[in-house]
Amino acid sequence: MYRIGLDIGSTTIKAVVLDEKDNIIYKSYQRHRAMIKEKTQELLSEMEASIPENEPASLVITGSAGMGMAERIGVGFVQEVIATQIAVESYPETIDAVIELGGEDAKVLFLTGGVEVRMNGSCAGGTGAFIDQMAVLLDVDLEQLNELAKKAKRIYPIASRCGVFAKTDIQPLLNQGAAKEDIALSIYHAVVNQTIGGLAQGRDFVGRIMFLGGPLSFMDALQKSFVDVLNLSPDQAVFPENAQYYVAYGAALYANREKPVNLASLAEKIKSSNQELAEGNYLEPLFANQEEYDEFCARHAKAMVKTADLVSYDKPVTIGIDSGSTTVKVAVVGEEGELLYSVYKDNNGKAVEIVKEALEEIYKLNPQVQIKASASTGYGEELVKNAFRLDYGLVETMAHLTAAQKFMPDVEFLLDIGGQDIKCFKIKNGAIDSIFLNEACSSGCGSFISTFATSMGHEVEEFAKLGLFAPHPVDLGSRCTVFMNSSVKQAQKEGVTIDNISAGLSVSVVKNALYKVIRANSKDDLGKKIVVQGGTLLNDAILRAFEKEVEVEVVRPVIAGLMGAYGAALFAKELPIEKSQILTAEELKTFAPTVTSRICQYCGNHCQLSVNSFGDGRELISGNRCERPLNNGLLINKTTFNAYQYKLGLIGKTKAKKDAKRGHIAIPMGLNMYENWHFWHAFWTALDFEVIRSPFGNRELYLHGQHTVPSDTICYPAKLMHGHIEYLLDKGEKRIFYPCLPYNFDEHISDNHYNCPVVAYYPEVLSANMKALKEVDFSYEYFGLHNRKYFTKSMEHYLKEKYSITAKKEVAKAIEAAYQAQDNYRQGLFKYGEEALKYAKENNLPVIVLAGRPYHVDPEINHGIDKLIADFGAVVISEDCLPLENEKKRRGVLNQWTYHARLYNAADYVCTHDNIYLVQLVSFGCGLDAVTTDEVRDILERNHQLYTQIKIDEINNLGAVKIRLRSLFAAIERKK
Amino acid sequence: MAEELLAEEERVVFTKEMKENYTILVPMMLPIHFQLMQTLFAIEGYKMEIIDTRDRRVVDKGLKYTHNDICYPAQLTIGQLMDALESGKYDKHKVALMLMQTGGGCRASNYVRLLRKALKKADLAYIPVVSLNYTGMEKDPGFDLNLSFTFKLIKAIVYGDLLMCLRNQLLPYEAEEGSVNNLVDKWCREISEQFKAGKGLKKKEILANMENICRDFAQVKTAGEEKIKVGIVGEIYVKFAPLGNNNLEDFLHKEDAEVVVPGLLDFLLYTIDTHQEDRKLYGHSKAKAMIFSFLVNKFSALQNEMIAAIKRHPPLRAPSNFAHTKALAKDYIHYGVKMGEGWLLTAEMLELLDSGVNNIVCTQPFGCLPNHICGRGMVRKIKEGYPEANIVAIDYDSSATKVNQENRLKLMLSTGRKLADAQ
């Protein structure tokens with residue numbers, strides 16, 4: 001019997017026909033561009049032709065998008081991992097593990113030593129779709145990406161957990177001018193790290209490993225990345241022929257047990273099969289008819305901007321340049337705000353060249369042009385400003401507000417959906433009142449749509465238009481865009497047509513902005529005077545979706561995509577400058593920007609610096625975390641008070657007792673150890689132990705331990721713990737002490753004094769998932785530090801059992817030392833806070849309470865945000881420096897975690913004092929922060945205070961954070 | 001000025017008068033159990049209505065009124081209640097809401113407060129929210145959870161566990177479609193009637209009922225070969241509530257599997273039991289620990305009777321008792337892990353494996369912190385002890401898609417069948 005395996009994945013469809021002797025007589029690998037029904041029919045007839053007449057053939061479908069199809073047409077289905085397993089078993093040599101990358105799935109199969117199968121969870125990071133997105137971002141096709149990667153010289157750290165994170169890492173690299181070759185290879189390495197980090201979950205890759213799936217068969221540079229990172233010998237890495245067909249091949253083998261089918265009638269069935277549409281999953285059409293659309297277009301055409309001709313314009317002009325994450329916008333504006341010239345272009349990683357061309361054109365159109373002033377904004381603000389010697393750089397939010405007010409002076413709400421960010425702010429009395437920026441997890445909205453359009457084989461404009469009259473837009477949910485991938489997959493599975501998917505995506509982007517970013521509860525939250533802008537909202541479908549959702553007719557300036565540049569130009573008009581220092585036409589001729597990169601050697605951080613030289617001796621260094629590379633290594637200490645650095649310093653200053661009688665005891669420096677370090681250090685030192693600690697976090701440390709992290713969605717501080725343990729094990733430490741502490745100290749400001757479940761019990765996870773811990777003495781007993789008397793009792797018992805320390809006096813002394821140290825530490829913090837506040841007052845400096853949890857002090861966790869704030873000239877303190885209230889306040893939430901109680905306490909303090917503002921650090925994946933952020937925001941907003949939240953994860957890019965902080969400082973300025 | 005602005009958040013108390021003429025709305029979790037408990041509440045004079053709406057509106061309301069990143073169970077239950085309030089079916093001035101509150105170190109303890117926040121957003125802050133808790137966190141004069149009533153509720157839960165356990169093991173094999181569910185319905189009605197007549201709660205009556213229930217179920221005509229068994233564990237709400245887990249039980253039935261779901265009583269026993277550990281580890285109140293120890297024993301006795309009754313009627317299979325389940329976890333996770341489902345989650349997986357159920361779905365709301373520890377975090381260690389364990393962890397939230405979940409479930413089922421064939 002002939003057998004057919006049909007593998008319908010999220011992006012591709014693969015087919016294999018086997019003859020009686022298991023020879024492959026037909027194979028096909030194609031992108032289906034969401035046209036699964038049509039493609040399948042096509043393939044069926046092709047396959048039918050490949051099989052000799054009257055030969056019976058059976059068929060089995062596999063793949064995530066094939067499930068529904070198999071059900072509907074009544075043929076066999078095999079789960080794709082099982083199909084893979086069957087295929088691999090037919091391979092002549094023993095395979096120990098399989099790594100398979102598909103469109104949106106990544107799988108790891110361990111075949112020997114206990115069969116285990118792992119699939120990526122709800123996240124499509126590190127898969128084919130991710131690589132596709134990244135290729136689009138670099139403006140290359142997959143083949144070129146592969147070729148680029150081969151020429152790479154260095155690897156940048158790129159977060160691989162999802163496409164969106166990676167984008168936020170890559171975009172600045174592109175904007176800073178990093179080499180595409182290097183980025184290409186970095187992308188591959190990110191994929192490798194994601195696969196290992198997400199799917200190995202504590203198992204090592206040993207023996208012979210087979211690599212399967214489309215991406216791994218087409219891209220040899222990706223293959224090499226896997227081999228390099230896993231350190232495989234040529235014999236160990238198996239890249240079989242037909243790797244992209246393997247799953248289909250397995251399905252065909254599986255079809256052995258099926259009855260023959262009639263292919264022609266199957267094709268018929270597919271044609272006539274109408275997916276059952278689930279009730280309630282469909283939305284109202286965006287436009288019911290052409291008239292509605294015409295009316296809509298006419299209304300928005302009214303939001304005009306005055307124009308004039310640049311060629312003949314003889315009054316002074318200003319230039320605004322918005323170098324965004326994916327596009328570059330240039331606007332030349334006349335005295336009355338009339339638009340004289342504009343450019344809107346995809347930057348394709350070449351922002352500087354585009355701006356150069358634009359300026360050349362401006363000089364060409366009007367050689368006599370009098371440029372009064374110029375300003376840049378957007379992600380590439382600094383680069384553009386320096387490259388072209390512009391007069392000013394302003395934060396995007398200010399640029400957009402300035403532009404919006406030109407169209408609607410009494411604007412109350414401004415929404416901007418750009419390529420990668422959603423920015424919105426409320427405006428009160430003409431000033432920015434609260435700012436909402438999308439968090440790392442939901443960014444990328446605009447570029448998501450265009451990537452999606454491209455992957456489905458459409459131009460973005462055309463793709464969006466498809467949705468305008470879609471009768472049943474599919475409901476794709478309102479979470480982060482990455483998750484939409486799977487929602488779309490589901491819709492495809494149900495056979496939803498592309499117009500309805502397009503309309504659904506438009507609605508999702510809007511809902512995402514409203515409910516995820518702005519967190520609006522009712523439509524009235526936004527007010528009635530709304531201006532929308534940003535390239536993404538140029539799209540009529542998205543704009544319509546927004547109007548329908550908020551039930552307000554909003555203003556979209558005809559230059560919605562240009563508002564950043566236009567605003568910057570308007571802003572520049574107000575600068576006290578007579579003549580811009582912008583490069584002249586003459587200077588432009590010799591302008592030749594080059595980028596080199598080097599590793600900064602001034603400190604242990606070894607930042608990877610990108611150095612842009614502009615051909616005339618000027619250069620711009622970026623990628624630095626401090627100012628030393630800018631000042632020939634000198635550290636100019638602008639920082640006055642920075643509690644984060646102070647706390648790190650305190651830990652750094654503690655000394656281990658040398659030649660301690662009882663030997664080493666090692667402590668992983670993470671999570672609650674940042675709070676309790678002084679306690680335990682004093683305790684063990686008093687007992688004559690030499691206390692060793694792992695270093696403060698860094699990325700290498702994380703990568704070192706990531707293969708044992710069992711849960712890919714847990715917070716980054718927890719993930720780092722695995723690296724800390726690995727570090728201590730590498731150092732040969734034999735005794736690791738990391739107790740479980742469900743309870744924290746009771747500071748009498750809360751209903752209870754718990755730690756969060758992760759802080760409380762993470763040692764359990766380490767013990768269960770890090771095999772190497774079995775070889776050492778890993779001590780993770782449960783203690784309650786809040787009850788000193790009982791703690792003493794349990795400690796006496798523990799020390800007696802463990803170290804035969806029986807002298808109660810000795811224990812008591814150690815405990816006294818521990819509590820004393822803890823007390824000194826806390827009192828020291830209060831005192832530091834007091835001094836900082838006093839200093840700020842005397843010098844009239846703003847104070848930022850960078851509020852989070854004690855472990856946010858770790859530089860790898862906060863990515864240097866504390867220093868960034870200090871660089872803005874503010875005094876930085878942490879939530880635990882502020883005096884505790886002397887009573888338990890009743891909160892809107894159950895207040896039962898010590899760390900959180902301090903947050904609320906700090907929020908209250910901020911509300912009752914002047915010139916002090918709160919910025920909350922939130923770890924991505926921290927479930928408890930869903931509770932705390934709302935409560936902190938409530939407390940602040942009830943008291944008309946600004947609330948700023950920064951979500952942090954493994955991403956190391958501070959671009960979005962900078963915008964937020966600059967906007968905050970701009971708002972503080974305005975408030976005064 | 002600040003003092004004023006920082007005004008206390010007062011809560012609306014559920015008064016004795018309200019008990020007379022207010023309807024208390026409760027979101028559904030476990031159909032059988034809740035039906036029986038509802039009857040008991042009615043006998044005590046509470047008008048209670050269980051809300052079981054399941055359409056998309058519920059999720060939308062949840063997203064609208066709660067933080068987008070809060071646990072899925074909070075989104076769903078609060079969504080259901082807010083949806084009910086906005087449905088126009090209830091007089092908003094004659095209605096109260098109820099949620100359970102465990103008071104542990106997990107964010108679930110905050111649902112009651114989050115519901116109040118939601119009400120405030122909807123300008124419905126005058127609606128009282130009753131907290132069903134045993135930690136004394138909140139007390140309402142109109143809502144009296146005295147010991148004798150609590151005992152009654154526990155008995156209803158044991159009935160519920162029994163019926164659920166028998167239903168699950170017979171449903172995939174019934175020769176006559178509908179016979180098992182009919183029997184469940186019949187007994188739910190019967191027990192409710194007994195409750196109303198003041199019966200069914202004394203030990204003798206309970207034993208007789210258990211015996212009769214088991215006999216009835218043992219007589220259900222069955223057919224077909226033995227099916228693959230799949231256990232469901234996880235966060236309490238998404239484990240039990242079909243709304244929370246995308247009808248997981250139905251899906252598994254359709255995939256020709258037999259579903260095994262550990263009962264609700266174990267969870268209650270676990271929450272009570274942790275007090276003893278608190279005493280041991282942190283020196284918490286001895287008296288409290290003693291009372292709770294007494295209660296664990298008392299309720300366990302009831303569970304043991306249930307198990308004995310099932311065992312008297314082979315081929316019906318009984319679950320392990322609490323003590324045994326707990327003992328299984330000893331070498332895997334510390335009993336000090338008490339937030340969320342804590343060590344019980346690990347123990348339930350072990351209990352399933354111990355009784356030959358090798359395939360397990362570990363359900364969890366996306367971002368559930370305790371689950372990172374005692375669910376996913378323990379899988380590797382469990383596999384060391386039970387190499388045949390086939391565990392899949394599934395995340396549930398408002399935007400997780402069925403196709404991804406089902407694909408992973410299918411993989412688990414295929415792997416399970418393959419492992420079973422190999423043995």
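Predicted model: local features only at pLDDT ≥ 70, side-chain atom pairs only at ≥ 80, totals over all residues.
Chain A contains 34 helices and 30 strands, and of its 976 residues 58% count as buried. Among the contacts of chain A with a separation of 6 or more, 74% are accounted for by residues 24 or more positions apart. Chain B has 18 helices and eight strands, with buried residues making up 57% of its 423 residues. In chain B, residues 24 or more positions apart account for 74% of the contacts with a separation of 6 or more. The radius of gyration of chain B is 21 Å, which agrees with the value near 22 Å that a compact globule of 423 residues would have. Taken along the principal axes, the box filled by the C-alpha atoms of chain B is roughly 75 × 50 × 45 Å.

The contact between the chains draws 63 residues from chain A and 62 residues from chain B. On the side of chain A that touches chain B, the elements giving two or more residues are helix 3 (80-89), strand 8 (116-119), helix 18 (481-493), helix 19 (498-517), helix 27 (757-769), helix 32 (898-911) and helix 33 (929-942) of chain A. Helix 27 of chain A provides the largest share of this side, with eight residues. By residue class, the side of chain A that touches chain B comprises 28 nonpolar, 26 polar and nine charged residues.

In chain A, five strands form an open sheet of mixed pairing, in the order 3-2-1-4-5. The edges of this sheet are strand 3 (24-31) and strand 5 (76-77) of chain A, each of which has a single partner strand, so that one side of each is left without a neighbour in the sheet. Strand 1 (residues 2-8) and strand 4 (residues 57-62) of chain A run parallel and are joined by six bridges, and Tyr2(A) stands opposite Ala57(A) in strand 4 of chain A. Helix 1 (residues 36-50) of chain A packs on the sheet, where it touches strand 1, strand 2 (12-18) and strand 3 of chain A and makes an angle of about 20° with the direction of strand 2 of chain A. Helix 10 (residues 246-254) of chain A also packs on this sheet, touching strand 1, strand 2 and strand 4 of chain A, and its direction makes about 140° with that of strand 1 of chain A.

Elsewhere in chain A, strand 23 (residues 664-667) and strand 24 (residues 690-693) run parallel and are joined by four bridges, with Ala666(A) having Ile692(A) of strand 24 of chain A as its bridge partner. Ile692(A) belongs, together with Glu690(A), to the uncovered face of strand 24 of chain A, whereas Val691(A) and Arg693(A) form the covered face.

Helix 7 (residues 180-200) of chain A has 21 residues and spans 29 Å from its first C-alpha to its last, close to the 30 Å expected at 1.5 Å a residue. This helix is mostly covered, as 20 of its 21 residues are buried, and just after helix 7 of chain A, Gln201(A) takes a positive phi of about 45°. Helix 21 (residues 563-573) of chain A holds Tyr566(A), which counts as buried because it has 32 C-beta neighbours inside 10 Å, where 20 or more are required. When residues up to four places away in sequence are not counted, Tyr566(A) touches Gly320(A), Ala331(A), Val333(A), Leu339(A), Ala403(A) and Ile559(A). The C-alpha atom of Tyr566(A) is separated by 63 Å from that of Ala255(A), a residue 311 residues apart from Tyr566(A) along the chain.

In chain B, an open sheet of four strands has parallel pairing and the order 2-1-3-4. Strand 2 (47-51) and strand 4 (129-132) of chain B stand at its edges, and because each has a single partner strand, one side of each is left without a neighbour in the sheet. On average, and with direction ignored, neighbouring strands of this sheet are turned by 30° against each other. Strand 3 (residues 95-100) of chain B runs parallel to strand 4 of chain B, to which four bridges join it, and Met98(B) stands opposite Val130(B) in strand 4 of chain B. Helix 5 (residues 72-86) of chain B lies across strand 1 (23-27), strand 2 and strand 3 of chain B, and runs at about 145° to strand 1 of chain B.

How values were computed
Residues numbered from 1 in each chain as written. Chains lettered and ligands numbered in written order. Buried ≥ 20, exposed ≤ 12 C-beta atoms within 10 Å, placed from the backbone. Contact = placed C-beta atoms within 7 Å. Nonpolar A, V, L, I, M, F, W, Y, C, P; charged D, E, K, R; others polar. Rg over C-alpha atoms; globule rule 2.2 N^0.38 Å. Pairing = 2+ DSSP bridges. Axes fitted to C-alpha atoms, helices over the stretch in contact; angles between N-to-C directions. Expected span 1.5 Å × (residues − 1).
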